[in-house]
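Thank you all for coming.

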Amino acid sequence: MHFMMNPDAVYLYPIWTVGLLLIGLAVGGAVTIELLARRFLPLALRRSHNDVAAAMFSVIGVTYAVLLAFVAMLAWETFNQAKAASWEEAGAIRILAAATMELPGAAAAGAHAATAAYARMVVNTEWPAQAAGRAAGGAGRLLDRVARIAAGVPDGAGKSRMLSALDGLWRARQLRLLAAQSEVPGIVWLVLLLGGGLTIAFGSFLGSPSLAMHLAMSSALAVSGALVLLLVLALGHPFRGDFRVSTAPYVAVLRTITPPPGPGARPAAATIPQ
């Protein structure tokens, strides 16, 4: 009940704990439903309707399997899009850092420092906020600073390239923020859970001579559905949980970009966030 009212609560726990809980609930529910069916529906009555029940069960099972596969594929696609957005943004930071080197004098140093600070803020501030399910937007002010610096320099090829790189970074940033807000809607979770329960419950209308065999089959069906639900949980929020998108591309960029050298100064390596 707590999960249905607040699905985000599952990201507070390790994925293996959530998986064991889901499997335990699914198997426990399947066993309970079958034992209740044995108690209130005589085996002879169920066996006499096996042909009709089996036909209807195949339709219900296929329908639920298609729905489950569709949601799982959407979750996988969302995760891959979020990962691609992070790599695209990291690449845009590298391009912008290189473009700032073409600005004249102090403008180059200021724009480059703001670009490096942006990358560090994404890693150290925005990423933890995304992992906690909060909005992350503070680093955008640093890009505004870069834009103001660019606006204050004379027109030229260097300025044009930097503004183009800045526009590319803004676009990549918006894609990443959009991916961070992606989630499986609550109504979809409700349909998945109720559909899974209905599928397992309908299987109890089939009459099997062996109780142990029927319990084993129902449990296996429940476990298979729970594992797919676990996959949707793990991938449904790309920046949350144990399998969230990594900050590795940003850290790699921070290792390569350096402040532009001034008169008599040597380039210094950018600080790598811990």
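Leu96 sits in helix H4, which covers residues 50-100; helices here are DSSP runs of H or I with at least four residues, strands are runs of E with at least two, and both are numbered from the N terminus. Before I go further, please keep in mind that this is a predicted model, in which local features need pLDDT of at least 70 and side-chain atom pairs count only at pLDDT 80 or more, while totals for chains, interfaces and linings use all residues. Residues are numbered from 1 along each chain as its sequence is written, and side-chain values use heavy atoms, with hydrogens and water left out.

Is Leu96 buried or exposed? Leu96 counts as buried because its relative accessibility is 0%, where buried means under 20% relative accessible area, exposed means over 50%, and partly exposed lies in between, computed with a 1.4 Å probe and protein chains only. Leu96 is also 6.1 Å from Leu166, C-alpha to C-alpha, although 70 residues separate the two in sequence.

Let me turn to the charged pairs. The structure holds six salt bridges, a salt bridge being a side-chain nitrogen of Lys or Arg within 4 Å of a carboxyl oxygen of Asp or Glu. One of them joins Arg176 to Glu89, with 2.8 Å between the closest N and O atoms. This pair links distant parts of the chain, since Arg176 belongs to helix H7 (residues 157-180) and Glu89 to helix H4, 87 residues apart. Arg176 is buried, at a relative accessible area of 0%, and Glu89 is buried with a value of 0% as well.

Glu126 and Arg173 also meet through their side chains in a salt bridge, at 2.8 Å from N to O. Here Glu126 in helix H5 and Arg173 in helix H7 are 47 residues apart, so that distant parts of the chain are again linked. Both Glu126 and Arg173 are buried, and salt bridges with shared partners join Glu89, Glu126, Arg173 and Arg176 into one network.

A further salt bridge runs between Glu102 and Arg161, whose closest N and O atoms are 2.5 Å apart. Because Glu102 lies in the loop between H4 and helix H5 (105-131) and Arg161 lies in helix H7, the pair ties together parts that are 59 residues apart in sequence. Glu102 is partly exposed at 39% relative accessible area, and Arg161 is partly exposed at 45%.

Ile187 is placed in helix H8 and is exposed, with a relative accessible area of 55%.

Finally, what lines the largest cavity? Its lining consists of Val10, Tyr11, Tyr13, Ile15, Val18, Leu233, Ala234, Arg240, Gly241, Asp242 and Phe243. Helix H2 (15-40) and helix H9 (211-236) each supply at least two of the lining residues.

Definitions and conventions: 1 Å grid on protein atoms, 1.4 Å probe; cavity = no way out; pocket = protein on both sides within 12 Å on 5 of 7 lines; lining within 4 Å.
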